[in-house]
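Please look over the sequence and the model below before reading on.

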Protein chains: 2
Amino acid sequence: MSLLVTGSIGIDTVETPHGRAADVPGGSAVYFSFAASLLTPVRLVGVVGEDFPDSFRRVFDGRPIDLAGLETRRGSRTFRWHGRYEGDMNAAQSLRTDLNVLGERGPTIPPAFRDSRYVFLANTHPALQRDLLAQLTSPKLVVCDTMNLWIETALDELKQTLAAVGGVVLNDGEARLLTGCNNLIDAGRAVLELGPRFVIIKKGEHGSLLVDGPDLFVLPAYPTREVRDPTGAGDSFAGGFMGWLAAHDRTDGAALRSAVARGTVTASFTIEGFSLEGLATATPAGVEARLEHLRRCTRFE
Amino acid sequence: MSLLVTGSIGIDTVETPHGRAADVPGGSAVYFSFAASLLTPVRLVGVVGEDFPDSFRRVFDGRPIDLAGLETRRGSRTFRWHGRYEGDMNAAQSLRTDLNVLGERGPTIPPAFRDSRYVFLANTHPALQRDLLAQLTSPKLVVCDTMNLWIETALDELKQTLAAVGGVVLNDGEARLLTGCNNLIDAGRAVLELGPRFVIIKKGEHGSLLVDGPDLFVLPAYPTREVRDPTGAGDSFAGGFMGWLAAHDRTDGAALRSAVARGTVTASFTIEGFSLEGLATATPAGVEARLEHLRRCTRFE
């Protein structure tokens with residue numbers, strides 16, 4: 001079933017205790033589509049500037065990622081981010097952010113993409129998320145991400161967006177800030193009162209929590225020994241999650257759990273390398289092998 | 001199969017965002033034995049002063065906890081601790097610690113207890129842990145706890161103790177301090193190089209990790225909405241863990257996993273009340289019901 005992602009496409013420079021990667025592919029829509037394309041075809045919608053390197057376009061070659069929604073805007077420059085992770089690498093410190101084309105008008109969803117059934121609205125201004133949503137004719141499941149900036153500066157807009165989507169993906173800090181609840185189960189329930197049917201709260205190395213109506217699902221992170229660069233882990237998680245749902249055309253509770261597990265293992269590849277290095281080594285068989293390992297690591301009598 | 005615990009018995013004053021409990025029962029051996037007694041009889045070994053209240057002795061009434069190893073030392077005073085939890089309550093701030101009788105010579109294991117097969121050496125000086133171990137004639141599984149203080153001030157002694165036990169229970173901070181590894185799987189493997197067959201690394205609200213030779217087991221915490229007082233959670237976990245192993249007389253890998261799950265749900269009762277309030281409400285049926293809930297919350301296809 002058709003899967004569409006809208007989000008950022010950027011040029012990243014990332015420093016971690018394991019090294020530095022300068023001017024490499026990044027952005028939520030890139031990580032998402034790479035991850036989801038392991039499971040199902042993806043339609044990508046986003047905007048870059050005319051400085052966007054051809055070599056970055058070629059990273060999509062050979063993957064079922066439809067770039068008909070990738071706009072190259074004349075006279076604009078591509079989004080750039082420079083971040084650093086230290087210590088336990090749980091949070092990035094942004095050293096520099098050049099919004100560039102992301103500070104202009106948003107992308108347009110091409111007519112051929114408007115019938116998309118599964119949709120992920122990666123983090124951007126919640127009003128833009130709603131604009132994008134309004135361009136779709138018959139979405140079956142829309143899931144959005146957000147960030148602290150919008151919780152703090154555009155809360156009313158964000159609440160309108162949350163009331164219009166089926167699911168939301170947040171990290172623990174965002175869930176606490178949005179709801180004022182310290183306990184994450186309470187925070188999850190409070191998010192559902194804003195409208196979505198389900199919320200996934202990501203806890204980084206501590207795994208994730210799915211609150212789906214009255215149902216709870218808790219899953220540890222995939223036990224990875226080598227974390228080289230956490231950038232893109234959340235969007236890769238979302239890609240594996242939405243990719244599995246779209247591939248199976250299911251949105252029931254058991255499907256959400258299965259999809260969270262796929263998101264978890266997909267993200268584990270991402271963090272093992274800088275930029276797309278780790279995720280590029282993942283294959284459908286590799287995802288299933290890690291899933292089986294995760295099952296073995298979580299099974300008890 | 002016989003289960004013995006050696007550890008502290010104290011008088012606690014605890015402050016959390018949910019209230020304050022003054023001069024209430026506390027101590028590792030108390031939480032451990034309460035927890036384990038839900039699953040199997042327990043032999044308790046510890047020392048109190050002559051100020052130890054009769055009412056505190058009566059909290060053990062009606063539970064299969066043998067107090068033949070509870071020494072009341074003339075002229076000595078009972079261990080007292082005053083702590084406070086703030087914010088996310090992940091770590092206690094010790095406002096005052098009066099070691100009192102715990103600063104004197106250790107307890108003696110009564111002859112009738114020396115044939116104990118399952119043994120938990122709760123946190124104390126590692127040299128004392130080895131003295132206690134030497135009093136046992138035929139232990140099948142000995143598990144110990146420790147703390148940052150001994151890692152920092154008695155590392156050689158601690159290494160000798162770790163080389164003499166079958167398992168060790170640590171929290172994440174202790175595991176990192178002991179091994180210098182930030183990644184907890186690496187830390188677990190490094191602990192095993194010191195001697196034990198297995199290590200359990202407790203991550204508080206994020207659950208626990210069992211490293212058992214080459215085998216890994218990761219389990220989230222029981223999804224509790226009300227955390228009133230985390231004091232004793234770790235010792236209650238150990239009590240549920242060792243209690244299940246002793247009750248089934250099993251130490252194989254699958255048994256360790258089952259026991260970790262029982263420890264997890266047992267600890268969930270402890271943190272719902274101050275002192276022993278929460279744990280006192282737990283029953284074997286209640287533990288099994290939460291275990292089934294934990295299974296439902298962690299299951300995926």
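**Sheet of chain B**

B:Tyr118 has B:Leu141, in S9(B), as its bridge partner. This is a predicted model, in which local features need pLDDT of at least 70 and side-chain atom pairs count only at pLDDT 80 or more, while totals for chains, interfaces and linings use all residues. Residues are numbered from 1 along each chain as its sequence is written, and chains are lettered from A and ligands numbered from 1 in the order in which they are written.

- S8(B) and S9(B) pair in the parallel sense over 4 bridges, where pairing requires that DSSP finds at least two bridges between two strands; strands (E, at least two residues) and helices (H or I, at least four) are DSSP runs numbered from the N terminus.
- The open sheet has 9 strands with mixed pairing, in the order S5-S4-S1-S8-S9-S10-S11-S12-S13 of chain B.
- Its edge strands, each pairing on one side only, are S5 (65-73) and S13 (215-219) of chain B.

**Helix H3 of chain B**

- B:Pro126, B:Gln129 and B:Leu132 are buried in helix H3 (residues 126-134) of chain B, buried meaning that 20 or more other C-beta atoms lie within 10 Å of the residue's own, with C-beta atoms placed from the backbone.
- Because these residues cover an arc of only 115 degrees around the axis, they lie on the same side of H3(B), the arc being that of the directions from the helix axis to the C-beta atoms.
- Among the elements of chain B that cover these buried residues are strand S1 (3-6), strand S8 (118-121) and helix H5 (155-162).

**Contact between the chains**

- In total, 23 residues of chain A are in contact with 23 residues of chain B, contact meaning that two C-beta atoms, placed from the backbone, lie within 7 Å.
- Helix H7 (184-192), strand S13 (215-219), helix H9 (253-270) and helix H11 (284-298) of chain A each supply at least two residues of the side of chain A that touches chain B.

**A:Phe217**

- A:Phe217 is found in strand S13 of chain A and counts as buried because 24 C-beta neighbours lie inside 10 Å.
- A:Phe217 and A:Arg257 are 40 residues apart along the chain, and their C-alpha atoms are separated by 6.9 Å.

Note on methods
A residue is buried if 20 or more other C-beta atoms lie within 10 Å of its own, exposed if 12 or fewer, and partly exposed in between; C-beta atoms are placed from the backbone.
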